[in-house]
Each structure stands twice: as structure tokens, then as C-alpha cells.
Number of protein chains: 2
Amino acid sequence: MDVLGLIAGTLTTIAFVPQLVKIWRSKSAKDISYVMFILFIIGIILWEIYGWGIHSMPVILFNVITFILGLAILILKFVFDRPAGEATETSK
Amino acid sequence: MDVLGLIAGTLTTIAFVPQLVKIWRSKSAKDISYVMFILFIIGIILWEIYGWGIHSMPVILFNVITFILGLAILILKFVFDRPAGEATETSK
């Protein structure tokens, strides 16, 4: 049963890699929901604390990786969704 | 510790709701990765089997809801991403 949990965790974690690659290649993330990734990342942080609390290495490990991937998607969305010229606007 | 796990699971599950709403409203999902949601749903099915195996009601419950939300996002992407006119094309 533990092996099944490991495979399940690997799949639901690496699933975010193709999403990250897609955003990176297309330089577009407008269909991605900010609210989804913000809620998701807060949830992942709580899973991380929960993992430490119950001393579960798989929970800790999978959630560290998912946190990094989710945060990277959120940052890329922020970068690519900014209207053109905003960078110069905000440098004022 | 269990309460923390429940809050964490609730957040990482309901996170998919705003994504679903966003796609429904904009009728666009081109920035969403098919590969992400296919891998994710397969992972969720394995989590579901794992949940039954270890008799964990939270794992079973959260993953049923996440499965429905993930599948709905995948179906909406399929519907909205089809090129205009394809519906009549395929009806031949």
C-alpha cells in the first residue's frame, strides 16, 4: 500500500511540471487562476506543517516539491500577465 | 494535528473551484496543460485506491471531490479549446 501512496504522490506532484513548462514556453498564463494557486500554496504549507507533526517523510518531501512548483507557476503568471510597459511604469 | 490535516486538505481541494469558475466564465483554457490534469487525475485515482486500502475517510473524501473538480476542468478545456466549427466537422 505504501508503494501505491508513493506512486500517487509522485504523479500529483510531477503533474505541475508540464504546466510550468507550458507557461514558460508560451509566456502566457492568463487562463491560470491566481486564487487557485494562492489557496493551493497555503494548503501545501499546512500539509508541510502537518507532515512535520506526524513525522511523515513522504508528506514532507512531496509537499516541498509541490510548493516549489506551485510557487514557480504563481511567479511566472505574475511576470507574464503584467501588461506590456508596466515594468517601466513601476520604475518611476 | 488532524484538524490541521483537514484544513490543509480542504484548501488543496477547493483551490480547484476558482480555476473551474475562471475557465467557465472566460470560456478559455488554452494556458491550462492537458498533461498536468491527466497526470493529476491518474494520481488522484491512485490516492483514492490508497485511501480505501488504509481506510482513511479524509483521503477518500478529499480525493473524490478533487477528482470531480479535476475532471470537470479537463472536460471544459476539451470543450472550449476545440477550434470553431469542429463540432460541425465531426458531425459528418
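Visitor: Where in chain A is A:Asp31 placed?

Guide: A:Asp31 is in the loop between α2 (16-26) and α3 of chain A. Helices here are DSSP runs of H or I, at least four residues long, strands are runs of E, at least two long, and both are numbered from the N terminus. This is a predicted model: local features need pLDDT of at least 70, side-chain atom pairs count only at pLDDT 80 or more, and totals for chains, interfaces and linings use all residues. Residues are numbered from 1 along each chain as its sequence is written, chains are lettered from A and ligands numbered from 1 in the order in which they are written, and side-chain values use heavy atoms, with hydrogens and water left out.

Visitor: Is A:Asp31 buried or exposed?

Guide: Start with the cut-offs. Buried means under 20% relative accessible area, exposed means over 50%, and partly exposed is in between (1.4 Å probe, protein chains only). A:Asp31 has a relative accessible area of 3%, so it is buried.

Visitor: What is A:Asp31 in contact with, leaving aside its neighbours within four places in sequence?

Guide: Contact means heavy atoms within 4.5 Å. With those neighbours left aside, A:Asp31 is in contact with B:Gln19, B:Lys22, B:Ser26, B:Ser28, B:Ala29, B:Lys30, B:Asp31 and B:Ile32.

Visitor: Which backbone nitrogen lies 3.1 Å from a polar atom of the A:Asp31 side chain?

Guide: That of B:Asp31. A polar contact is a pair of N or O atoms within 3.5 Å; within protein, one must be able to donate a hydrogen and the other to accept it, and residues adjacent in sequence count only if both atoms are side-chain atoms.

Visitor: Which residue forms a salt bridge with A:Asp31?

Guide: Side chains of opposite charge can pair when their charged atoms come close. The test is a side-chain nitrogen of Lys or Arg within 4 Å of a carboxyl oxygen of Asp or Glu. A:Lys30 passes it with A:Asp31, with the closest N and O atoms 3.4 Å apart. A:Lys30 is partly exposed at 44%. In chain B, the side chains of B:Asp31 and B:Lys30 also meet in a salt bridge, at 3.4 Å from N to O. B:Asp31 is buried at 3%, and B:Lys30 is partly exposed at 44%.

Visitor: How many salt bridges are found over all chains?

Guide: The search of the whole structure gives 4. One of them joins B:Asp81 and B:Lys77, with the closest N and O atoms 2.5 Å apart. These two are 4 residues apart in helix α4 (residues 57-81) of chain B, so about one helical turn separates them. B:Asp81 is partly exposed at 29%, while B:Lys77 is buried at 4%.

Visitor: What is the phi of A:Lys27 near?

Guide: Most residues other than glycine have a negative phi. A:Lys27 has a positive one, near 55°. This residue lies in the loop between α2 and α3 of chain A and is partly exposed, at 42%. B:His55 also has a positive phi, near 55°. B:His55 lies in the loop between α3 (34-53) and α4 of chain B and is exposed, at 72%.

Visitor: Now the whole chain. What pattern does chain A follow along the sequence?

Guide: The pattern is α-α-α-α-α, from 5 helices and 0 strands. Of its 92 residues, 41% count as buried. Among contacts in chain A with a separation of 6 or more, 72% come from residues 24 or more positions apart.

Visitor: Which residues does A:Thr13 touch, not counting those up to four places away in sequence?

Guide: A:Phe62, A:Ile65, A:Thr66 and A:Leu69. A:Thr13 lies in helix α1 (residues 2-14) of chain A and is buried at 5%. From A:Thr13 to A:Gly70 is 57 residues in sequence, and 9.6 Å in space between C-alpha atoms.

Visitor: Which residues make the nonpolar surface patch?

Guide: Patch residues have over 30% relative accessible area and no salt bridge; like charges are joined within 9 Å, and nonpolar side chains (Val, Leu, Ile, Met, Phe, Trp, Tyr) within 5 Å. Areas use the Shrake-Rupley method with a 1.4 Å probe; for residues, only the protein chains shown count as cover. A:Tyr34, A:Val35, A:Ile38, A:Ile42, A:Leu71, A:Ile75, A:Phe78 and A:Val79 make a patch of about 670 Å². Helices α3 (34-53) and α4 (57-81) of chain A each supply at least two of its residues. A:Val79 lies in α4 and is partly exposed at 40%.

Visitor: Where does UniProt place the feature "transmembrane region" in chain A?

Guide: The unreviewed UniProt entry places it at residues 6-25, 32-53 and 59-80. Such positions follow the numbering used here, feature names are shortened, and annotations may be inferred rather than shown by experiment. In the model, residues 6-25 are 95% helix and 0% strand, with end C-alpha atoms 29 Å apart. Residues 59-80 are 100% helix and 0% strand, with end C-alpha atoms 31 Å apart.
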